[in-house]
Amino acid sequence: MIMQSGPQSNQVAILVPPSITLRNPTGLTFDRFGRLLVADGGGFSNPNYFDTGNWGMISNGSFIKLNTNGPARPNHLAMDMTNRIVISAENERNLWLFSSNGVFISSNFVSGVQSGSQAGSQLASANGGFWGTSIYVISGTGNLLKLDLAGRTNIVGTGFDNATGLKFGDDGSLYLSEYANNRVLRITPVAPILTTQIPATNLALGLCWDSATNLQYQLQYS
């Protein structure tokens with residue numbers, strides 16, 4: 001943890017020291033309760049090379065497992081609006097689903113998101129506004145997908161190459177890092193451009209604006 005204020009400003013503090021229970025942390029996120037969740041990709045152990053289903057939260061200097069009945073190599077996590085936790089994992093094609101306290105729900109919440117031979121897909125929970133409150137994920141084919149509560153996906157962006165980071169900023173933008181292209185992208189929504197048209201044949205007023213597929217718009221007036 002990097003302190004933002006106080007006498008230890010800009011200094012690093014260890015939240016959890018190296019331990020046998022937390023071997024290889026691969027994903028961190030704050031959920032909607034303010035808990036710090038962590039996915040543990042596993043590490044050297046005997047007789048198994050990787051621990052299984054090791055993910056949970058960090059509290060009072062300790063790593064607390066929420067569930068051990070998960071994917072073998074969890075990588076990234078995000079929380080939806082009903083406080084359920086979605087997890088991606090290395091060498092898994094599907095996204096897993098758990099309750100907020102770690103109860104297993106499904107190992108096939110979203111199928112075919114990943115190629116099955118790569119690190120788990122990046123996940124991020126939107127904070128409202130243009131993006132809504134859904135979970136977004138980068139697929140193995142470079143598509144930006146929006147997940148609904150039933151696990152259905154909608155493509156909202158394409159052409160992303162080997163994304164290794166996904167995060168919504170407080171400015172309303174979505175930030176995405178591309179490992180292969182050595183760059184960080186900022187995706188910022190813009191307000192629709194509104195134009196008016198008055199046909200010569202009648203007194204009707206036409207309002208036109210640029211729109212996006214599968215989004216609803218509500219007209220307002222003053």
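How many aromatic pairs does a search of the whole structure find? The search finds 9 aromatic pairs. Rings of Phe, Tyr and Trp (its six-membered ring) pair if their centres lie within 6.5 Å; planes under 30 degrees apart count as stacked, over 60 as edge-to-face and the rest as tilted. This is a predicted model: local features need pLDDT of at least 70, side-chain atom pairs count only at pLDDT 80 or more, and totals for chains, interfaces and linings use all residues. Residues are numbered from 1 along each chain as its sequence is written, and side-chain values use heavy atoms, with hydrogens and water left out.

**View 1. Aromatic pairs at Phe168.** The ring centres of Trp131 and Phe168 are 5.5 Å apart and the planes lie at 65°, so the pair is edge-to-face. Trp131 sits in the loop between strand 9 (123-125) and strand 10 (135-138), and Phe168 in strand 13 (residues 163-168), so the pair ties together parts that are 37 residues apart in sequence. Strands (E, at least two residues) are DSSP runs, numbered from the N terminus. Trp131 and Phe168 are both buried (buried means under 20% relative accessible area, exposed over 50%, partly exposed in between; 1.4 Å probe, protein chains only). Tyr136 also pairs with Phe168 edge-to-face, at 5.4 Å centre to centre and 65° between the planes. Tyr136 lies in strand 10 and Phe168 in strand 13, so this pair ties together parts that are 32 residues apart in sequence. Relative accessible area is 3% for Tyr136, which is buried. For buried Phe168 the value is 6%.

**View 2. An aromatic cluster.** Trp55, Trp96, Phe98 and Phe104 are linked into a cluster by ring pairs.

**View 3. A nonpolar surface patch.** Leu194, Ile198, Leu205, Leu207 and Leu219 make a nonpolar patch of about 530 Å². Patch residues have over 30% relative accessible area and no salt bridge; like charges are joined within 9 Å, nonpolar side chains (Val, Leu, Ile, Met, Phe, Trp, Tyr) within 5 Å. Accessible areas come from the Shrake-Rupley method with a 1.4 Å probe; for residues, only the protein chains shown count as cover. Ile198 is in the loop between strand 16 (194-197) and strand 17 (206-209). Ile198 is exposed, at 64% relative accessibility.

**View 4. Salt bridges.** The structure holds 5 salt bridges (a side-chain nitrogen of Lys or Arg within 4 Å of a carboxyl oxygen of Asp or Glu). Among them is Asp31 with Arg35, 2.6 Å from N to O. Both Asp31 and Arg35 are buried. Arg183 bridges to Glu178, with the closest N and O atoms 2.5 Å apart. Arg183 is partly exposed at 41%, whereas Glu178 is buried at 2%.

Technical notes: Helices (H or I, at least four residues) and strands (E, at least two) are DSSP runs, numbered from the N terminus.
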